Amino acid sequence: MSPWRDASDSRRRRRGALLAVPLLAAALLATLVAGPAGGRAEAAPTTFVHPGVLVSRGQLDFTREQVNAGAQPWKGAYDQMMASRYASLSRVPKPRSVVECGSYSNPNNGCTDEREDAIAAYTLSLAWYVTRDSRYAQKAIEIMDAWSGAITDHTNSNAPLQTGWAGSSWPRAAEIIRYTYTGWPQARIDRFKTMLRTVYLPEVAGGSHSNGNWELSMTEAAIGIAVFLEDRAAYDKAVTKFRGRVPAYIYLTSDGALPKAAPGSGLDTRDEIVRYWQGQTTFVDGLSQETCRDLTHTGYGLSAISHIAETSRIQGQDLYPEVADRLRHALGLHAKYELGTAVPGWLCGGALKDHLGPVTEVGFNALGNRMGYAMTNTQNLTQARRPAGTDNLFVAWETLTHAGNSR
């Protein structure tokens with residue numbers, strides 16, 4: 001759907017925007033004054049926590065302890081990871097200067113290679129941390145060095161999404177290796193930072209008015225990169241995108257008769273919003289903007305929300321309280337139908353497509369375990385599908401890193 005409108009509509013919106021300026025200024029001032037007491041976390045941390053993208057040092061220590069003790073489900077999850085192609089010490093990275101990705105990765109010129117090399121770097125960094133076998137750290141470094149020495153751009157229609165997917169995995173790996181292993185030369189660390197800053201961050205920082213999973217994945221990459229670069233401005237920009245997009249991706253009845261529109265989307269009529277929500281006209285707590293598209297893309301969005309909130313929590317700016325109601329309802333609603341509840345006729349014409357994928361572990365651990373929400377459907381689905389593997393895009397090994405992990 002195009003974000004553009006005719007000239008008369010543009011003039012009308014400009015007049016409305018001018019009238020809204022004082023209200024926006026007042027709202028911004030109220031937010032700044034309210035601070036944590038107003039229910040919103042503060043801005044970027046003064047000092048960043050490392051490792052601090054998706055997994056903290058404490059969480060890594062818990063993971064290592066459980067695996068070494070042979071405890072389940074962590075040992076089974078670890079064995080699954082180590083048996084995957086991503087943990088192979090004989091992996092040969094496949095970097096290229098320009099990664100070209102069209103719609104649904106057609107053409108696919110380096111798209112799969114980039115995503116999977118990034119997942120491999122993260123996988124190997126986890127293997128290093130659990131085993132303390134430096135071969136895994138060195139292989140992760142080899143992969144990261146190969147790409148940082150080659151890539152210059154992403155092109156074609158799926159470039160923003162591709163950059164978001166790969167850019168979500170790279171900083172997870174880099175954080176673990178940079179801050180728990182001493183064998184990555186500073187010059188190569190600096191080159192990797194340059195890659196993230198010049199090739200990845202400009203592509204994802206501005207967000208997207210495409211389907212919500214795009215902007216959420218891009219924002220996940222942006223916040224992870226900001227942590228590794230210790231870039232407070234980039235971090236704050238990512239949080240602003242997150243705060244605008246999540247309420248426009250997951251509906252709550254308190255939103256009113258219609259879902260919220262993301263800032264800058266240009267969606268300002270009922271028909272436009274309904275079309276954007278895949279034709280759905282009945283809205284219930286936890287419905288996603290992409291539910292009626294398919295559960296797989298919905299899962300991408302819910303996973304990215306969880307990942308961003310988890311990184312923020314590690315950094316001392318906990319975004320979970322701001323999104324907890326939306327995320328818990330969304331996980332629960334979709335888990336219910338994944339578990340076999342009949343889909344009612346009012347929901348997506350009575351049929352849901354595809355499946356969520358291995359995306360519930362992080363959100364369930366945060367909301368169900370740490371925050372104490374009752375999440376029966378999400379818990380049942382999460383436990384039934386353990387160990388959660390990888391979607392081969394940007395989600396990987398979350399039973400290993402987040403099951404029952406309260407650190």
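My entries on the disulfides follow.

I note at the start that this is a predicted model, in which local features need pLDDT of at least 70 and side-chain atom pairs count only at pLDDT 80 or more, while totals for chains, interfaces and linings use all residues. Residues are numbered from 1 along each chain as its sequence is written, and side-chain values use heavy atoms, with hydrogens and water left out.

I searched the whole structure for disulfides and found two, taking a disulfide to be a pair of cysteine sulfur atoms within 2.5 Å.

I looked up Cys101 and found that a disulfide joins it to Cys111, with an S to S distance of 2.1 Å. Cys101 lies in strand S3 (residues 98–101) and Cys111 in helix H4 (residues 111–131), so this pair ties together parts that are 10 residues apart in sequence. Here helices (H or I, at least four residues) and strands (E, at least two) are DSSP runs, numbered from the N terminus. The link of Cys101 and Cys111 is left-handed, with -130 degrees about the S-S bond.

Cys101 counts as buried at 1% relative accessibility, and Cys111 counts as buried at 0%.

I turned to Cys292, which a disulfide joins to Cys348 at an S to S distance of 2.0 Å. Cys292 lies in the loop between helix H10 (270–276) and helix H11 (295–314), and Cys348 in the loop between helix H12 (320–338) and helix H13 (361–370), so the pair ties together parts that are 56 residues apart in sequence. Both Cys292 and Cys348 are buried.

Definitions and conventions. Buried means under 20% relative accessible area, exposed over 50%, partly exposed in between (1.4 Å probe, protein chains only).
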